[in-house]
Amino acid sequence: MATGVAWRLTAPTELQWVQWGDEWVLYHGATGDTHLLEPLAAEALQALRDAPVTTEGLVAALAGDADEEGRRQLSTYIGSLFETLSRLGVIERA
Amino acid sequence: MKVSELAADDLDARLRGRGVYLRTGPFVCHVCSPIASVANGIHLLYANHALSTDTAFADFHVRLTRPTGLRRWLRPQVLFHMDDRTPFKPLPLGQAFPMLEWGLNWCVANHAHQYLVVHAAVVAKDDRAMIMPAPPGSGKSTLCAGLVARGWRLLSDELTLISVDDGQITPLPRPVSLKNDSIAVMRAFAPHLAMTDECHDTVKGTVAHMGLPRDSVTRGDTPAQPAWIVFPRYKPGSDTSLVPRKKGATLLEVARNGFNYSILGARGFNCLADTVARCGCYDFTYSRLAEATDLFNALEPTVASPAGGA
């Protein structure tokens with residue numbers, strides 16, 4: 001996993017969302033793909049709407065009072081999520 | 001004029017000549033063919049459909065012809081034409097009427113982009129529509145035919161047309177395509193509805209087409225509001241089971257069944273999200289058709305749950 005890398009949305013104006021409970025559905029107009037996201041993934045992605053974010057910065061923002069193990073798991077999750085979203089063309093390195 | 005007002009010989013002669021302008025829901029299909037089984041199929045299953053007298057316009061100009069050459073005598077075949085195109089390889093001549101039906105489906109699915117076109121059966125009760133997307137072999141057409149035989153209005157057995165402008169579902173009432181075991185099931189379940197002879201050894205197995213109750217045709221101009229999305233699955237020996245399913249996963253699954261979802265882009269997404277929001281969403285398993293139709297006849301529409309946005 002790359003550390004210190006900032007990520008941004010590839011095409012912020014091309015994203016549309018709908019939400020039902022814990023399900024988030026994302027439409028990415030730049031690729032025409034539709035994605036089903038879990039709440040944490042949706043929250044992470046929405047954090048990129050205003051400015052580029054690093055994995056470490058997002059972990060710090062989302063971890064709250066999580067212990068070290070919790071932060072480690074969150075970091076792994078966010079890192080993997082960003083890599084996946086990058087492959088899908090939703091985000092890119094800033 | 002309705003098709004039934006023409007004698008079989010007259011219809012056959014017209015199809016061999018300048019063709020007929022058949023109204024099917026919002027479309028006018030100009031059909032020409034010298035093949036007797038095409039005329040017989042139209043005469044049997046489109047009896048209540050209107051023939052347009054305006055020959056200046058048709059949405060689709062289709063012809064079913066016999067290839068020339070040796071194929072005229074040795075293993076004769078049929079070709080489907082739309083305008084000057086022949087989008088499919090020829091089929092055995094005995095499959096001419098099914099080829100007309102499959103070809104008309106292709107015409108709509110590939111050209112009617114004023115709708116979000118979903119590969120799904122759709123029926124309506126009191127103008128509330130139940131959309132049934134499912135892969136081949138799931139029992140979708142059997143359930144659809146069973147509901148139509150028990151009072152539901154057929155909007156389409158194959159193509160759900162959702163208006164991108166207002167979300168209403170436009171009927172496309174055409175014969176129901178039945179396959180394999182479902183043919184005998186429906187002959188027993190709905191002996192009052194016309195059905196073609198069986199056509200064997202097609203790419204879909206044995207097929208037959210079933211006609212519609214008059215109401216489904218005469219109300220072909222009346223749209224319906226989406227109320228349910230149901231994913232049917234026929235499972236031999238199973239109990240009848242209707243289980244709610246999540247809307248987000250439903251949206252993705254219906255999108256996968258959309259013929260032109262990617263062509264419509266964000267308009268298609270918004271149309272589908274609105275449709276899912278308005279519908280109760282379910283997985284349905286069944287093995288007894290009568291029990292299945294009884295269940296849906298007692299089903300009340302659910303209250304829409306609008307999607308949140310971000």
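Of the 310 residues that make up chain B, 46% count as buried. The model is a predicted one.

**Overall form of chain B**

Chain B contains 10 helices and 16 strands. Its radius of gyration is 19 Å, close to the 19 Å that the globule rule gives for 310 residues, so chain B is as compact as a globular protein of that length. The C-alpha trace of chain B spans about 60 × 40 × 35 Å along its principal axes. Taking the contacts in chain B between residues at least 6 apart in sequence, 72% join residues at least 24 apart.

**The largest nonpolar core**

In soluble globular proteins, nonpolar side chains tend to be buried together. The largest nonpolar core here has 116 residues, and the members that touch the most other members are B:V122, B:V123, B:M132 and B:V148. Strand β6 of chain B, residues 115-125, supplies the largest share of this core, with 9 residues. At least three residues of the core come from each of domain 1 (1-111) and domain 2 (114-302) of chain B.

Which residues is B:V122 in contact with, leaving aside its neighbours within four places in sequence? They are B:A129, B:M130, B:I131, B:M132, B:L155, B:S156, B:T160 and B:I169.

**Where chain B touches chain A**

On the chain B side, 17 residues are in contact with 14 residues of chain A. Two elements of chain B, α7 (247-256) and α9 (266-278), each give two or more residues to this side. Helix α7(B) gives the most, with 6 residues. The table divides the residues on the side of chain B that touches chain A by kind.

| Kind of residue | Residues on the side of chain B that touches chain A |
|---|---|
| Nonpolar | 9 residues |
| Polar | 6 residues |

**A sheet in chain A**

Chain A has an open sheet of 3 strands in the order β5-β1-β6, with antiparallel pairing. Why is one side of β5 and of β6 of chain A left without a neighbour in the sheet? Strands β5 (53-54) and β6 (91-93) of chain A stand at the edges and each has a single partner strand, so one side of each has no neighbour there. Strand β1 of chain A, residues 6-9, pairs with β5(A) in the antiparallel sense over 2 bridges. Across this pairing, A:W7 stands opposite A:V53 in β5(A).

Terms used: Residues numbered from 1 in each chain as written. Chains lettered and ligands numbered in written order. Predicted model: local features only at pLDDT ≥ 70, side-chain atom pairs only at ≥ 80, totals over all residues. Core = buried A, V, L, I, M, F, W, Y, C linked by C-beta atoms within 7 Å. Buried ≥ 20, exposed ≤ 12 C-beta atoms within 10 Å, placed from the backbone. Helix = DSSP H or I, 4+ residues; strand = E, 2+ residues; numbered from the N terminus. Domains from an automatic or database assignment. Contact = placed C-beta atoms within 7 Å. Pairing = 2+ DSSP bridges. Rg over C-alpha atoms; globule rule 2.2 N^0.38 Å. Nonpolar A, V, L, I, M, F, W, Y, C, P; charged D, E, K, R; others polar.
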